[in-house]
Amino acid sequence: MKFAIISRGDQISNSLQMKMKNYLLDFDLVHDEQEPDIVISIGGDGTLLYAFHQYINRLDKTAFVGVHTGHLGFYADWMPSEIEKLVIEIAKTPFSVVEYPILETIVRHIDGGQEVCYLALNEATVKSSDGSLVIDVEVKGQKFETFRGDGLCISTPSGSTAYNKALGGAIIHPSIEALQVAEMASINNRVFRTIGSPLILPGHHTLMLKPKKETDLLITVDHKTFIHKDVKSIQCRVADQKIRFARFRPFPFWKRVRDSFIADHN
Ligand code: NAD
């Protein structure tokens, strides 16, 4: 079994990275940063997002597990005090794996320009670089609305607790193959009208966004931002690929939600 460890880069995460690496080598596991079977992320959810993008070309072969050196994360759910236990579990392979849906976003450009495909673990967002975003929203080939406002957030079920939640989106259990579209400050008056509620699309429905203004678009994919000129359309759907998490104990999603957002208050 081959492993890689990605650290957030702070002192605590780095020293935990060294410790885990030595433990795993003691168990005769092989350190391989190019083709790991398991990637251990040490830091927070942001570190796991980074790890996901580092190994995006081998999602079918690599499983992820997260250790948090700050507060409990959605992806980083092992505590530093549990790493000996985690190492023993990893060494006892084969381990079980749970798969979560991810988002595929294809950006197409005017005049047959290049097509760019992104995969997101949390979400993709679309904003205008100049003024309001004005964009036609099509669902499954049918015009749904013209959106005017700050932007749109298209999230995965596991990303529904991140940016999407801050926009008033629903929390979706990651066993549901879906994507969610949440509005950022839409303009609604007698002239302009959007639905105003988040939309949840099933796996077989495609969302197509077609800009109405010739402005550059800011497209974010998890923690990364890209600027696209001359965009003809942005297509979003549930990807064929999935992220695989190595699971060594039950940690139900709704408990994670409660522990992250409610627990200290009740
Ligand atoms: P970061 O390190 O600042 O992380 C942002 C926060 O989002 C952290 O508190 C992180 O733990 C949390 N987070 C990440 N994924 C999560 C998830 N699936 N569920 C619950 N919380 C989660 O920034 P980063 O590493 O660049 O992370 C990028 C993420 O930040 C984006 O994917 C987006 O979801 C989130 N974000 C949130 C807002 C907002 O809430 N208004 C705005 C921009 C980005």
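## Domain arrangement

In this predicted model, the centres of domain 1 and domain 2, taken over C-alpha atoms, are separated by 30 Å. The protein chain is divided into domain 1 (2-95 + 248-265) and domain 2 (102-240), with bounds that come from an automatic or database domain assignment. Residues are numbered from 1 along each chain as its sequence is written, and side-chain values use heavy atoms, with hydrogens and water left out. Local features need pLDDT of at least 70 and side-chain atom pairs count only at pLDDT 80 or more, whereas totals for chains, interfaces and linings use all residues.

## Interface between the domains

Contact here means heavy atoms within 4.5 Å, and on that basis 13 residues of domain 1 are in contact with 17 residues of domain 2. The size of an interface is often given as the accessible area lost when the parts come together. Domain 1 and domain 2 bury about 1300 Å² between them, with 77% of it on carbon and sulfur atoms; buried area is the accessible area (1.4 Å probe) that two parts lose on being put together, summed over both. On the side of domain 1, the residues that lose the most area to domain 2 are His53, Tyr75 and Phe253, which together account for 41% of what that side buries.

## Ligand site

Among the polar contacts (pairs of N or O atoms within 3.5 Å), a polar side-chain atom of Thr161 lies 2.6 Å from a nitrogen atom of the ligand, and an N or O atom in the side chain of Asn122 is 2.8 Å from a ligand nitrogen atom. Tyr163 takes part through its backbone, where a polar atom is 3.1 Å from an oxygen atom of the ligand. Taken alone the ligand exposes 790 Å², of which the protein buries 60%, with accessible areas from the Shrake-Rupley method and a 1.4 Å probe.

Technical notes: A polar contact is a pair of N or O atoms within 3.5 Å; within protein, one must be able to donate a hydrogen and the other to accept it, and residues adjacent in sequence count only if both atoms are side-chain atoms.
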